[in-house]
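The sequence and the structure are shown first.

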Amino acid sequence: MKEAEPTLKLNRAKENGLETVKEINRKIREVSVYAIPGLCVRRGDISTPSQLKFILQEVVNVVCETFEIDKKGLLKVMNSKREWKRRKCTTQEYSDGMHVCVFIIHQIAKIPLQKIGNAVGNREHSTILYAIKKVDGQCEMYRHFRGQINTILFRMGYPQLPKERWKLR
């Protein structure tokens, strides 16, 4: 009797015109829209620097919450000049947070590395490529880290990283 209860609820929901959770999640993944007055950003459709800055702010907020990093420190590292970074004033957690932000933006936006570099403190495209490869390698090595990246992508309404790529069970 207990096994039939969920199907009865599902049938009642369908009769009333309500959609299943899978259908709702599929629609969210298809559209995935951030909207603020005068600005609408769809996955892969970022044409202006203001749209990229908006996405970057959202990514920074979610990364700081997920990795428990101070937002001011992360923004200071992201917007700093190279001379400040050479003085060894940065900590590993902030630079790792910046690398995760770059990786997430690359996964979401699919824009040239130079544009991402301009948004993240005027970095070179090679620095952005290094950050993407570093986070990709960490996802390959550490399941927990990959889970955190998937959590960030899920919280932002984007599809998670594929399991087949890393051959995880």
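## Basis of the description

Helices are DSSP runs of H or I with at least four residues, strands are DSSP runs of E with at least two, and both are numbered from the N terminus. The label H9, used below for tyrosine 158 in the segment after that helix, follows this scheme. The model is predicted.

## Overall architecture

The protein chain contains nine helices and two strands. In sequence order, the elements form the pattern α-α-β-β-α-α-α-α-α-α-α.

The protein chain has 169 residues, of which 37% count as buried. For contacts between residues at least 6 apart in sequence, 54% connect residues at least 24 apart.

## Packing of H6 and H9

Two packed helices are described by the angle between their axes and the distance between the axes. Helix H6 spans residues 92-109 and helix H9 spans residues 143-155; the two pack at an angle of about 55°, and their axes are 11 Å apart. This angle makes H6 oblique to H9. The crossing of these two helices is right-handed.

On the H6 side, the contact is made by Val100, Phe103, Ile104 and Ile108, and on the H9 side by Phe145, Ile149, Ile152 and Leu153. Classified by residue type, the contact of H6 with H9 comprises eight nonpolar residues, with no polar and no charged residues.

## The nonpolar core

The largest nonpolar core comprises 40 residues. Those with the most contacts inside this core are Val59, Leu74, Met78, Val100, Ile104, Ile149 and Met156. Two or more residues each come from helix H3 (49-67), helix H4 (71-78), H6, helix H7 (113-119), helix H8 (125-141) and H9. The most is given by H6, with 10 residues.

Which residues does isoleucine 149 touch, leaving aside residues up to four places away in sequence? They are Val100, Phe103, Ile104, Val135, Cys139 and Leu161. Val100, Phe103 and Ile104 also belong to the H6 side of the contact with H9.

Tyrosine 158 is found in the segment after H9. Its relative accessibility is 4%, and because buried means under 20%, tyrosine 158 counts as buried. Tyrosine 158 is 54 residues from isoleucine 104 in sequence, while their C-alpha atoms are 9.9 Å apart in space.

Leucine 129 is found in helix H8. With a relative accessible area of 35%, leucine 129 is partly exposed. The sequence separation between leucine 129 and glutamine 114 is 15 residues, and the C-alpha to C-alpha distance is 9.7 Å.

## Positive phi angles in loops

Most residues other than glycine have a negative phi. Glutamate 68, in the loop between H3 and H4, has a phi near 55°, a positive value in a residue other than glycine. Is glutamate 68 buried or exposed? A relative accessible area of 71% places glutamate 68 among exposed residues.

Lysine 110 lies in the loop between H6 and H7. Although not a glycine, lysine 110 has a positive phi of about 55°. The relative accessibility of lysine 110 is 56%, so this residue counts as exposed.

Methods
Residues numbered from 1 in each chain as written. Predicted model: local features only at pLDDT ≥ 70, side-chain atom pairs only at ≥ 80, totals over all residues. Heavy atoms only, no water. Axes fitted to C-alpha atoms, helices over the stretch in contact; angles between N-to-C directions. Parallel < 35°, antiparallel > 145°, perpendicular 65-115°, else oblique. Left-handed = near helix turned anticlockwise from the far one by under 90°. Contact = heavy atoms within 4.5 Å. Nonpolar A, V, L, I, M, F, W, Y, C, P; charged D, E, K, R; others polar. Core = buried A, V, L, I, M, F, W, Y, C linked by side-chain atoms within 4.5 Å. Buried < 20%, exposed > 50% of the residue type's maximum accessible area, 1.4 Å probe, protein only.
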